[in-house]
Amino acid sequence: MYPNNETRARACYIMGETEGNKSVKAGVVRFGKGKGKGKRKSGEKPKTFIEKPIGGEKNGGTRMVRVKKLPAYYAPQLNPKKRTKHTKNTFKALRSSLTPGTVCILLAGIHKGKKVIFLKQLAGGLCLITGPFKINACPLRRVNQIYLIATATKVDISGVTVPDHINDKYFRRFKAKRAKKEEGDIFEQKQEKYVPSQERKNDQDAVDGLILEAIKKREDKKMLFGYLGTPFGLKNRLYPHRLRF
């Protein structure tokens, strides 16, 4: 077919034929790329959907069908919606040992170690206690029940009514807005000291007055006044887990 080897090499170069890639027929190489039927033109975007007619006598119109089917895996949330969290005001139930009038030992805070009187549980779950202030300088405070040890001593405070406005909002403090820093003001600014309002002092006197009247009615009032005024402490070889409060 070819007169010599040189002519054959030239023909193979033109048709893309090599020694390992021989032509099947004229113009078609064994391992060559196909002519690519249905190739899209340059600059044309590939179609994601194609329109197909809906068969049937009563049916009509067309429907859009994907060119390439999606995989069988579907994500649980393609576009997760942001939902507002509705938190309920839940708190642990009050311990059975904590009843109104129970004398408790305070375990945390600036007044830790003092003996206080439990008044009631507030709506937020915290416990309302008082010293009274005239005995051990502990005012009306909110305390978590985990920081209270209930003792066997109780005071009858059935005649004591705590005002309704003494709630969680009553104990909330509002921070004053600081002025913008100016030159030379860094060391002059001092932290504001908390001073109780006159309303807080009046409420303290009203509640403590009723509690002191209830204590004075007891036969062991002198011992109870001394008991409430003495802070709790442990001595050598005195273990709290062996004590009966």
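Two residues are taken to be in contact when heavy atoms of theirs lie within 4.5 Å. The structure described here is a predicted model.

The secondary structure of the chain amounts to 4 helices and 9 strands. Read from the N terminus, the elements follow the order α-β-β-β-β-β-β-β-α-β-β-α-α. The chain has 245 residues, of which 22% count as buried. Its exposed surface comes to about 21,100 Å², and carbon and sulfur atoms supply 53% of that area. When contacts between residues at least 6 apart in sequence are considered, 52% of them join residues at least 24 apart.

Pro-231 lies in the segment after α4. With residues up to four places away in sequence left out, Pro-231 touches Gly-113 and Lys-115. The C-alpha atom of Pro-231 is also separated by 8.6 Å from that of Asn-136, although the two residues are 95 residues apart along the chain. The relative accessible area of Pro-231 is 56%, and the cut-off for an exposed residue is over 50%; Pro-231 is therefore classed as exposed. Arg-237 is found in the segment after α4 as well. Arg-237 is not a glycine, yet its phi is positive, at about 60°. With a relative accessible area of 79%, Arg-237 is exposed.

The largest nonpolar core consists of 19 residues, and those with the most contacts inside it are Leu-119, Leu-128 and Val-155. Two or more residues of this core are given by each of β6 (115–121), α3 (198–216) and α4 (221–229). The largest share, 4 residues, is that of α3. Another core, of 11 residues, lies apart from the largest one, and its members include Leu-98, Val-116, Phe-118 and Ile-129.

The packing of α3 and α4 was then described. Two packed helices are characterised by the angle between their axes and by the distance between the axes. For α3 and α4 the angle is about 135° and the axes are 9 Å apart. Angles over 145 degrees count as roughly antiparallel and those from 65 to 115 as roughly perpendicular; α3 and α4 are therefore oblique to each other. On the α3 side the contact is made by Leu-212, Ile-215 and Lys-216. On the α4 side the contributing residues are Lys-221, Leu-224, Phe-225 and Leu-228. By residue class, this contact holds 5 nonpolar and 2 charged residues, with no polar ones.

The peptide bond from Gly-131 to Pro-132 is cis, with omega near 0°. Pro-132 has its place in the loop between β7 (127–130) and α2 (133–136). Ala-137 lies in the loop between α2 and β8 (141–143). Phi of Ala-137 is near 60°, which is a positive value in a residue other than glycine. Ala-137 is partly exposed, and its relative accessible area is 37%.

Key:
Residues numbered from 1 in each chain as written. Predicted model: local features only at pLDDT ≥ 70, side-chain atom pairs only at ≥ 80, totals over all residues. Heavy atoms only, no water. Core = buried A, V, L, I, M, F, W, Y, C linked by side-chain atoms within 4.5 Å. Buried < 20%, exposed > 50% of the residue type's maximum accessible area, 1.4 Å probe, protein only. Axes fitted to C-alpha atoms, helices over the stretch in contact; angles between N-to-C directions. Parallel < 35°, antiparallel > 145°, perpendicular 65-115°, else oblique. Nonpolar A, V, L, I, M, F, W, Y, C, P; charged D, E, K, R; others polar. Areas by Shrake-Rupley, 256 points an atom, 1.4 Å probe, with all protein chains shown as cover.
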